[in-house]
Amino acid sequence: MTKQIAIIGGGPAGLMAAEVLSAAGHAVTVYEAMPTFGRKFLLAGKSGLNITHSEDFSSFAARFGTACAHLSPALDAFTPDDVRAWAAGLGTETFVGTSGRVFPNVMKASPLLRAWLRRLEAQGVVLKTRHRWLGFAENGYRFETPEGPVIARPDAALLALGGASWPRLGSDAAWVPWLRDKGILVADLRPANCGFDIAWSEAFRERFAGEPLKSVSTTSEAGTFQGEFVISKHGIEGSLVYAHSAALRDRLLEKGHAALAVDLAPGRTTERLSRDLGRQDAKASFSNRLRKGAGLEGVKAALLRELVPDANRMPPGELAQLIKALQIPVLRPRPIAEAISSAGGIAWSELDEHSMLKPFPGLFAAGEMLDWEAPTGGYLLTACLATGRAAARGVEAWLRHR
């Protein structure tokens, strides 16, 4: 028997749930607050949509920190290979980049989203934009619409409203107090995959904001990673910083202080640096000694002097150790509105094995609303799709057994 299902939120998790449920023959309506669907999805695809990752699945599934066990069933049922096959079914072939990340051949999100929305409409999904959820009503859900307030009373509903990053694209976390008022435990939303504020001097900020720090290695409790990041007017940004953001953020919360260790010369050992620096003419300028003895100049040399003003007086051995593990003290994460994603959300203890909120039979949740986070690299999108699909299966199971 056909059931009426409301999906609140038109991002990847919500649209995937709509696809599964409409294919099963249910009458599905997707309510999206913004004028168009998948706005954050489109923004992510502007520089080449990173749809998933090609690494070994066991490694892939371990990238979700403390939420790994909770996400495992959804990811097992919709793996990165399944994501690629799904995209191909929508006419978007993919390729594996040199980093192992998977991208559409066209390097854009818009063709995939257009094809996806066409499929949903062909399956009978009703797509409603400018329908903003305003919370609960008696036996239903209140929406603000261009035609005025309406109340929807579906047989089941699925929340896929995202977290709190990039609120101008729709994920504004307005849902948090509404669920908390109903007694649902929601972990505080925190920035993930974010930059950090640093107390730069005005001279350093003016001279080097926007400069990339290339070919470096960085270390925190998250591990050691190589690549590059950018000096910003506020502090540091970039994929290499994002790899450490959860560890730095949590250490700041726990200890009140945190630092990112940077190896400015990853291709040279401490011993070699010490030897090469020791060979330099003591009368030469510090800049020349760094350039000739360590290969450091420009922003790398300036960063060293910014953080350790008396580095020029260090003996070669100490200077070599500093170059190999320069500590950048971080003050705080950048605001969550600037973050690529967010951590926190609906506690897993509030959900049953079908992604249904235990206190609210018939109400399900998926995507970034749940308490998990992941690094960039295709993990975020894959988990959103997988949890949307898993929640849809949960809706089906619940409707069958009512």
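Modeller: Start with a pair of helices: helix 11 packs against helix 12 (residues 286-294) at about 130 degrees, and their axes are 8 Å apart. Keep in mind that this is a predicted model.

Colleague: Which residues make the contact of helix 11 with helix 12?

Modeller: Helix 11 contributes L273, D276 and L277, and helix 12 contributes R289, G293 and A294. By type, three of these residues are nonpolar, one is polar and two are charged.

Colleague: D276 is in that list. What makes the pair of D276 and R272 a salt bridge?

Modeller: The cut-off is 4 Å between a side-chain nitrogen of Lys or Arg and a carboxyl oxygen of Asp or Glu. The closest N and O atoms of D276 and R272 are 3.3 Å apart, which is within 4 Å, so the pair qualifies. Both residues belong to helix 11 (residues 270-278), where they are four residues apart, about one turn of the helix.

Colleague: How many salt bridges does the structure hold?

Modeller: It holds 17. One of them joins the side chains of R332 and D197, at 2.9 Å from N to O. This pair links distant parts of the chain: R332 is in strand 18 (residues 332-333) and D197 is in strand 12 (residues 196-197), 135 residues apart.

Colleague: What makes K324 and D263 a salt bridge?

Modeller: Their closest N and O atoms are 2.7 Å apart, and the cut-off is 4 Å, so the pair counts. This pair also links distant parts of the chain, with K324 in helix 14 (residues 316-324) and D263 in strand 16 (residues 258-263), 61 residues apart. K324 has 18% relative accessible area, so K324 is buried. D263 has 11%, so D263 is buried too.

Colleague: What is noted about phi of N139?

Modeller: Most residues other than glycine have a negative phi. Phi of N139 is near 60 degrees, a positive value in a residue that is not glycine. N139 lies in the loop between strand 7 (132-137) and strand 8 (140-145). Its relative accessible area is 64%, which is over 50%, so N139 is exposed.

Colleague: Where is S215 found, and why is S215 called exposed?

Modeller: S215 is in strand 13 (residues 212-220). Its relative accessibility is 52%, which is over the 50% cut-off, so S215 counts as exposed. S215 also has a positive phi, near 50 degrees, and is a residue other than glycine.

Note on methods
Residues numbered from 1 in each chain as written. Predicted model: local features only at pLDDT ≥ 70, side-chain atom pairs only at ≥ 80, totals over all residues. Heavy atoms only, no water. Helix = DSSP H or I, 4+ residues; strand = E, 2+ residues; numbered from the N terminus. Buried < 20%, exposed > 50% of the residue type's maximum accessible area, 1.4 Å probe, protein only. Axes fitted to C-alpha atoms, helices over the stretch in contact; angles between N-to-C directions. Contact = heavy atoms within 4.5 Å. Nonpolar A, V, L, I, M, F, W, Y, C, P; charged D, E, K, R; others polar.
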